[in-house]
Amino acid sequence: MTLSEIRRLLKANPLTDHNLDERNAETACGADLLSDVLAFTKEKTVLLTGLIHPQVIRTAEMLDLVGVVFVRGKEPSREIIDLAQAKDIPVLCTAYPMYESCGILYKAGLGGAPLD
Amino acid sequence: MIEKHHLPKVADVMTREVISVPKNSTVRQAKEIMRIKSISGMPVVDRDNTLIGIISIADIIKALEEGNLDAPVDKVMTRQVVSLREHDTVGQALKVFRQYGYGRLPVIDDRRHVLGVLTQSDIVSRLVQILEIDKVDESKETHLSEDFESYIFEYHIQGMDFDRAGEGASTLKKILNDLGIKGSVVRRCAIAAYEAEMNVVIHAYEGKMTARVTPKEITITVDDTGPGIKDIPLALKPGYSTAPDRVREMGFGAGMGLPNIKKSADEFFIESSPQGTHLHIKIYTE
């Protein structure tokens, strides 16, 4: 599923300057614990999180995540957006809470990662 | 790509990943950052990334002569900073470089927030790109694969510096990619290095990460001065954490750091005393 499809489904607002049609996610991960994201996330994943901190972008960078969606309408600071732009991580923001965001994407066909 | 008739602006050529130093860092720390990053100067910023000065090698030599290595950088930095704006043209920037003879100039906004840094070599490499002088395939160019014997990377980690936390792992990741190391291996190294770096930032006073890369394996060691880990078997248990609330609010401190490092590594060794912790891991490239 492309990030532009995710953007449409979640009525999300893109915060970085990226071509979302070119970014394709095979799975998603909803988490507020970055250590869990680092431990269990597979490649080609989009991260949904309620956590607003530069370390979210760092984590996304380490894992080559496809993008980050901030849920519950939380707006990250300019510093976070600049870091995301610098590290080439597309960032979106949706008003939907975590549960709904995950549910909408799952229902639209974006499944979870297979268990190890 | 910039169109030919459009005059390139500073915003088009500057480096946005700015290596800056907080004003309360010591001269010694600034010297280390400059040594590791091989740069000759850095913007000095206050808490909200506002430019307050520049520290250069000349400032550091002066501090060294005066025995001021442990002074905060804002005591020895150059306060009268020549800076650029994003909308300045490259021609204007070149004029400033010629006029003042500086190697690098900070790029700031109206509120003096640092947006980027510009060097003359940034201008040259961007112009080369714009003029398409070199049509070398970049992925081939950086793919060194088996051509290198070993590569050493060293990085200083400052305890409690949450703004910069992760920059060491990020730099290592870039180096590994440039050396042509396989993606899945780079990923494991990045995760281990990042968790190790976060551990130093969260728990220790300061530390040093060293990575030795050969075509066969990547050895990462992280040594810190800090309170040490009291009970290593307990710290290796997923979910065990001694991290303060501030760290938990950032999504860390879930007690997954060391287990994650161990999971990412092919060889794992850790020892700790009240003077500090020594972590040593190896990740095989095949």
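**Note on the two-chain model**

1. Chain B has twelve helices and ten strands, where helices (H or I, at least four residues) and strands (E, at least two) are DSSP runs numbered from the N terminus. This is a predicted model, in which local features need pLDDT of at least 70 and side-chain atom pairs count only at pLDDT 80 or more, while totals for chains, interfaces and linings use all residues. Residues are numbered from 1 along each chain as its sequence is written, and chains are lettered from A and ligands numbered from 1 in the order in which they are written.

2. Of the 286 residues in chain B, 34% are buried, that is, with 20 or more other C-beta atoms, placed from the backbone, within 10 Å of their own. Among the contacts in chain B with a separation of 6 or more, 61% join residues 24 or more positions apart, a contact being two residues whose C-beta atoms, placed from the backbone, lie within 7 Å.

3. Between the chains, 18 residues of chain A are in contact with 22 residues of chain B. Helix H2 (34-40), helix H3 (54-62) and helix H4 (78-86) of chain A each supply at least two residues of the side that touches chain B.

4. Chain A also holds an open sheet of five strands in the order E1-E5-E4-E3-E2, with mixed pairing, two strands being paired if DSSP finds at least two bridges between them. Strand E1 (13-14) and strand E2 (27-30) of chain A stand at the edges, each with a single partner strand, so one side of each has no neighbour in the sheet.

5. E2(A) pairs with strand E3 (residues 45-49) of chain A in the parallel sense over four bridges, and Gly30(A) stands opposite Leu48(A) in E3(A).

How values were computed. Buried ≥ 20, exposed ≤ 12 C-beta atoms within 10 Å, placed from the backbone.
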